[in-house]
Amino acid sequence: MAAERGAAAEACVGQVVLPGDLLLLPAQYDEDAEGERLRLSAGAAPVGRLLCGPGLRRCAAGLLVTKCGLLRHRPAGGGAYWVDSQQKRYVPVKGDHVIGIVTAKAGDVFKLDVGGSEPASLSYLAFEGATKRNRPNVQVGDLIYGQFLVANKDMEPEMVCIDSSGKSSGMGIIGQDGFLFKVSLGLIRKLLSPKCEIIQELSQLYPFELVLGMNGRIWVKAKTIQQTLIIVNILEASEYMTAEQRKQALAKFSGN
Amino acid sequence: DLPALPVPGDTSVLAGVYGPAEAKLSKELPDRAALEVLLRPKVGLPGVLERSREQLLRQTCEAVVLGVLHPRTAITLVLQVLSDAGSLLSCCLNAACIGLLDAGLPLSSLFCGVTCALDPDGTIILDPTTRQEQEARAVLSFAIDSSERKVLMASTKGSCSIEEMQQCLAAAQRAADTIFQFYRDSVRRRYSKS
């Protein structure tokens, strides 16, 4: 009755994996101790650390899949495996750039709703050029684009709007007007990938400003309300449209 | 945060999973997620039978969901019965599993529900209809997990001998293979579109 436990990880790359699947790694990753010995004796170069990404957990026999999705692999830098899954619920991760909505001002700290299980906190000093005398002008209901400084399962997430050198690099309060809407996390990752055709094609249609938050929130602002709404509808629909359908939809609008 | 809808035969249950979301202070657990299951019958208010089924579902889901990854949060699973033609508990289990899978919650394995009915003459009927359930001597429901076909939950109504229970369990484990293959095919279809 026992089903075969475990398939080789390399064989499953690009295929759908379900929770409970066990992925076996090639032996070289498991023999850390042997790797040390090889290094000293100038033998084969050690393989480096294998990164176990979202959707996978390390267990005694190999990698246990915890989310359903497509298995991906990146051979660079010691190799990384992760599961590409479609989700709508965001879980804060350190270093992610997200759009938050200010819900409360509690003394020196703003509380932001980022779509996770807890509101994130943002100190008023975490803006570029902010001092105790020069406070940023943030009201309840404003949109903030920032990144997570602290985000783990045990602590309340903290955000900042400056990077490690003190520059804002595009983060901070998002201006007036524009339209904020929510999409699935998979679409955001697709839009943020280096050669995304959707954004290139849309920019040929109308000029617009776009802010993408890893928590599934997108903020769009174009010259008129109608153009903004057209862009919003195309972005929402592009999750399910194929490339041809998208080109047809855009051709209809650019003809006008 | 997504509803899922599996339909074995004519029994259908709609499942919606919400979470991990903020938990009320009275309900939050410091080291794991608090899982809550709500089962709504097709007509009427939820009664004692729904409450006991909610507990069975909750304990099965807690065994599988990796709650330690989301402490102090609440995960809510809402099941709405759309039609009931027999084998309701196993249909709810299947709907719950697909709902959790769809929502992207971390799971250590999948599970499925199988119901067996024992005829007065000893024949085992899998996934019985309401009529077969009423005429049967005993109705057994099992929740089987996907990694080693172990039993997560067993619920019995009626009387049967230990050998008969073992036989029903073996039949359920075999039937579970078909259900897990169905899960795999559905997920494959979903991801083939993107």
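A disulfide is a pair of cysteine sulfur atoms within 2.5 Å. This cut-off is used in the second legend below; the model shown in every view is predicted.

**Figure 1. Chain A in overview.** The secondary structure of chain A in this predicted model consists of seven helices and 17 strands. Chain A has 256 residues, and 41% of them count as buried. Taking the contacts in chain A between residues at least 6 apart in sequence, 61% join residues at least 24 apart.

**Figure 2. Cysteines without a disulfide.** A disulfide is a covalent bond between the sulfur atoms of two cysteines. How many disulfides does a search of the whole structure find? Over all chains the number is zero. B:Cys160 counts as partly exposed, because its relative accessibility is 26%. For A:Cys68, the closest cysteine sulfur is in the other chain, in B:Cys97, at 9.7 Å, so this pair is also too far for a bond. A:Cys68 has a relative accessibility of 5% and therefore counts as buried.

**Figure 3. The interface of chain B and chain A.** The contact involves 29 residues from chain A and 35 residues from chain B. The size of an interface is often given as the accessible area lost when the parts come together. Between chain B and chain A the buried area is about 2,800 Å², and carbon and sulfur atoms give 58% of that area.

Figure 4. Which residues meet in a salt bridge of 3.0 Å, N to O? The partners are A:Asp21 and B:Arg184, which meet through their side chains. Two salt bridges are found across the interface of chain B and chain A. Polar contact links 10 residue pairs between chain B and chain A, counting pairs with both residues at pLDDT 80 or more.

**Figure 5. The side of chain B that touches chain A.** Strand S2 (12-22), helix H2 (88-103) and helix H4 (162-192) of chain B are the elements that give two or more residues to this side. H4(B) gives the most, with seven residues. By residue type, the side of chain B that touches chain A has 16 nonpolar, 10 polar and nine charged residues.

**Figure 6. B:Arg149 in its loop.** B:Arg149 is placed in the loop between strand S7 (138-145) and strand S8 (151-158) of chain B. Is B:Arg149 buried or exposed? B:Arg149 counts as buried, because its relative accessibility is 10%. The side chains of B:Arg149 and B:Asp177 make a polar contact of 2.5 Å.

**Figure 7. B:Thr123 and its surroundings.** The loop between strand S5 (111-118) and strand S6 (124-126) of chain B holds B:Thr123. With a relative accessibility of 39%, B:Thr123 counts as partly exposed. The side chain of B:Thr123 makes a polar contact of 2.9 Å with the side chain of B:Asp121. Leaving out residues up to four places away in sequence, B:Thr123 touches B:Ala117 and B:Leu118. B:Cys168 is 45 residues from B:Thr123 along the chain, and the C-alpha atoms of the two are separated by 9.7 Å.

Conventions:
Residues are numbered from 1 along each chain as its sequence is written. Chains are lettered from A and ligands numbered from 1 in the order in which they are written. This is a predicted model: local features need pLDDT of at least 70, side-chain atom pairs count only at pLDDT 80 or more; totals for chains, interfaces and linings use all residues. Side-chain values use heavy atoms; hydrogens and water are left out. Contact means heavy atoms within 4.5 Å. Buried area is the accessible area (1.4 Å probe) that two parts lose on being put together, summed over both. A salt bridge is a side-chain nitrogen of Lys or Arg within 4 Å of a carboxyl oxygen of Asp or Glu. A polar contact is a pair of N or O atoms within 3.5 Å; within protein, one must be able to donate a hydrogen and the other to accept it, and residues adjacent in sequence count only if both atoms are side-chain atoms. Helices (H or I, at least four residues) and strands (E, at least two) are DSSP runs, numbered from the N terminus. Ala, Val, Leu, Ile, Met, Phe, Trp, Tyr, Cys and Pro count as nonpolar, Asp, Glu, Lys and Arg as charged, and the others, Gly among them, as polar. Buried means under 20% relative accessible area, exposed over 50%, partly exposed in between (1.4 Å probe, protein chains only).
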